[in-house]
Amino acid sequence: MPAARRYAEKTEVPESKSKVEIEQLLIRYGATEFASYWRENHAAIGFCLRERLVRIMLPFPPADDRAFRYTAAGYLRGPRQQKEAYEQERRRRWRALILVLKAKLEAVESGILSLEEAFFADLVLPTGQTLSEWFAPQLQRLYETGALPPLLPGLPPAPEERRG
């Protein structure tokens with residue numbers, strides 16, 4: 001079975017053009033602030049929409065990742081081809097981010113989701129953390145202790161829970 005194609009895997013759209021497209025998209029949906037930044041292993045965008053601050057991280061794989069050093073057939077790429085493969089993946093991820101943003105923003109605009117529902121994990125708290133950064137350690141503790149709420153509240157406890 002052939003491998004599934006990845007979204008925008010052959011895109012030639014430069015990262016800079018994708019960032020401009022994101023900014024224009026956010027303006028169209030009513031954002032009042034926008035910022036972007038990057039480091040070697042990730043980029044991020046931030047925006048204010050309906051008085052909510054949102055920050056979305058865009059992780060990049062390491063430039064020396066095996067996926068860039070070797071072709072799908074297992075042949076070693078030269079330094080120039082490795083760099084091209086890495087840059088292609090970065091461009092692809094920017095395009096995928098646009099797709100995610102378009103879907104979430106349109107879902108909010110159409111009344112399918114609230115802004116909080118669509119961007120819950122990426123909402124910025126007064127501490128500067130996103131909700132996902134703040135909640136992830138707590139969620140891990142819940143899983144470790146087994147103190148999770150029932151999947152369907154209101155149902156009687158499972159037999160093993162009644163014995164307790």
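**Sheet, core and salt bridges of the predicted model**

In this predicted model, strand β1 is joined to strand β2 by a hairpin through 2 residues. Strands β1 (residues 33–39) and β2 pair in the antiparallel sense, with 7 bridges between them. Within this pairing, W38 stands opposite A43 of β2, and S36 is placed opposite I45 of β2. A hairpin is also formed by β2 and β3, again with 2 residues between the strands; R50, in the turn, adopts a positive phi of about 50 degrees. The pairing of β2 with β3 (residues 52–59) is antiparallel and extends over 8 bridges, with A44 opposite M57 of β3.

Together, the strands make up an open sheet of 3 strands in the order β1-β2-β3, with antiparallel pairing. Strands β1 and β3 are the edge strands, each pairing on one side only. From one strand to the next, the twist averages 15 degrees.

Strand β2 (residues 42–49) is largely enclosed by the rest of the structure, because 8 of its 8 residues are buried. Residues H42, A44, G46 and C48 point one way from β2, whereas A43, I45, F47 and L49 point the other way, and all are buried. Apart from neighbours within four places in sequence, M57 is in contact with Y37, H42, A43 and A44. Between M57 and F68, the separation is 11 residues in sequence and 22 Å in space, C-alpha to C-alpha.

The largest nonpolar core contains 27 residues, of which F47, L101 and F119 touch the most other members. Two or more residues are contributed to this core by each of α1 (15–28), β2, β3, α3 and α4 (115–119). Helix α3 supplies the largest share, 8 residues. In soluble globular proteins, nonpolar side chains tend to be buried together. When neighbours within four places in sequence are left aside, the contacts of F47 are L26, E33, F34, R52, L53, V54, I56, L101 and F119.

Helix α3 (residues 79–109) comprises 31 residues and reaches 45 Å from its first C-alpha to its last, close to the 45 Å expected at 1.5 Å a residue. Just after α3, G111 takes a positive phi of about 80 degrees.

The structure holds 13 salt bridges. One of these is formed by the side chains of E133 and R55, at 3.1 Å from N to O. This pair links distant parts of the chain, since E133 lies in helix α5 (residues 131–145) and R55 in strand β3, 78 residues apart. Both partners are partly exposed: E133 has a relative accessible area of 37%, and R55 a relative accessibility of 22%.

E87 counts as partly exposed at 30% relative accessibility, whereas K83, at 53%, counts as exposed. E89 forms a salt bridge with R92, with the closest N and O atoms 2.9 Å apart. These two residues are separated by about one helical turn, because E89 and R92 are 3 residues apart in α3. Both E89 and R92 are buried. Through salt bridges that share partners, R6, E89, R92 and R93 are joined into one network.

Note on methods
Residues numbered from 1 in each chain as written. Predicted model: local features only at pLDDT ≥ 70, side-chain atom pairs only at ≥ 80, totals over all residues. Heavy atoms only, no water. Helix = DSSP H or I, 4+ residues; strand = E, 2+ residues; numbered from the N terminus. Expected span 1.5 Å × (residues − 1). Buried < 20%, exposed > 50% of the residue type's maximum accessible area, 1.4 Å probe, protein only. Pairing = 2+ DSSP bridges. Core = buried A, V, L, I, M, F, W, Y, C linked by side-chain atoms within 4.5 Å. Contact = heavy atoms within 4.5 Å. Axes fitted to C-alpha atoms, helices over the stretch in contact; angles between N-to-C directions. Salt bridge = Lys/Arg side-chain N within 4 Å of Asp/Glu carboxyl O.
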